[in-house]
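This briefing is meant to be read beside the sequence and the model.

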Amino acid sequence: MSQSIFRKFRRGRAATTPRNEVGMARTKQVVLRIKRQSNPREAARWEEFALPWRPSLNVIICLRDIAENPVTRDGKRTTPVSYDSNCLEEVCGSCAMLINGKARMACSALVDQLDQPIRIEPMSKFPVVRDLSVDRQFMFESLKRVKAWIPIDGSYDLGEGPRVAPETQEKAYPLSRCISCGNCLEVCPQVNEHSDFMGAAIFSQVRLFNMHPTGGMHAKERLQAAMGHGGIEDCANAQNCVKACPKEIPLTESLAEINRQAWKQALLGWLIG
Ligand code: FES
């Protein structure tokens, strides 16, 4: 009895919902305004595209559709828009861009939740490679500067690592979710052409690796780098970073913690000499 009701319910849905969606897809359009730039030296220009709407469309799928058929809204053939993406599930961090003026991940930006025309621009704090693709090398160099890793010696089996207390694991896990997208640098007023401020993501990684029992062995070197040029003292506490982080990492807590650790190390160095 209950199974037949279930079948009837499914038949009902199958008969109505998709037909509605097909009807909407025939009439509704998605309009995108995209900032284009063939290379870093060329002046930027805008192009507008119109695509047929379909359910659950996100910005990356729109860009892929444009790449398949690069024709502008007024019917001119153009080149495919360049952009970076990989995982399509907010894990790799490569698809960060400005969507309607906001730094966010294109693979999780649903078209139905955006005002149209959807304005898409490359991130402004990183050099443009082409169109929406930017060079985030600065961030990766900063991660190298602060040794954002746990060094493991030798090529032989080192056995089990040290045990990590559950309370430490709970604090570390949110920090380990960083995808190096660069959104926190994009929204930070301290990251600009006059400063080399490394940005919140970097200090959060310093905190993560310093709290690990093995990583902590290099805490001093990490803090030394965090106190150097472009370091923690350049943070002006604007707190935009924490709002822009797609993984909800407690970035302001990390900045405060690294500031505290840096002061402690500096003070001890001064007292002990
Ligand atoms: S494609 Fe990987 S985060 Fe968007």
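Thr-78 sits in the loop between α2 (59–68) and β3 (96–99), where helices (H or I, at least four residues) and strands (E, at least two) are DSSP runs numbered from the N terminus. The model is a predicted one, in which local features need pLDDT of at least 70 and side-chain atom pairs count only at pLDDT 80 or more, while totals for chains, interfaces and linings use all residues. Residues are numbered from 1 along each chain as its sequence is written, and side-chain values use heavy atoms, with hydrogens and water left out.

- Leaving aside residues up to four places away in sequence, Thr-78 touches Arg-36, Arg-45, Glu-47, Phe-49, Pro-70, Val-71 and Thr-72, where contact means heavy atoms within 4.5 Å.
- Ser-85 is also placed in the loop between α2 and β3, and at 31% relative accessibility Ser-85 counts as partly exposed.

**The chain as a whole**

- The chain contains nine helices and seven strands, and 38% of its 273 residues count as buried.
- The radius of gyration of the chain is 24 Å, whereas a compact globule of 273 residues would have one near 19 Å; the radius is taken over C-alpha atoms, and the globule rule is 2.2 Å times the number of residues to the power 0.38.
- Among contacts between residues at least 6 apart in sequence, 64% join residues at least 24 apart.

**Helix α6 and its surroundings**

- Helix α6 (residues 200–210) is mostly covered, with eleven of its eleven residues buried, and these buried residues pack against α3 (137–145), α4 (166–176), α5 (183–186), α7 (219–226), α8 (240–244) and α9.
- Helix α6 and helix α9 (residues 251–272) pack at an angle of about 65° with their axes 8 Å apart; axes are lines fitted to C-alpha atoms, for helices over the stretch in contact, and angles run from 0 to 180 degrees between N-to-C directions.
- Residues in this contact include Phe-203 and Arg-207 of α6, together with Leu-255 and Ile-258 of α9.

**Backbone details**

- Most residues other than glycine have a negative phi, and most peptide bonds are trans.
- A cis peptide bond, with omega about -5°, joins Gln-116 and Pro-117, and Pro-117 lies in the loop between β4 (102–105) and β5 (118–121).
- Asp-131, in the loop between β6 (128–130) and β7 (133–134), has a positive phi near 50° and counts as buried at 2% relative accessibility.
- Ser-180, in the loop between α4 and α5, has a positive phi near 50° in a residue other than glycine.

Definitions and conventions
Buried < 20%, exposed > 50% of the residue type's maximum accessible area, 1.4 Å probe, protein only.
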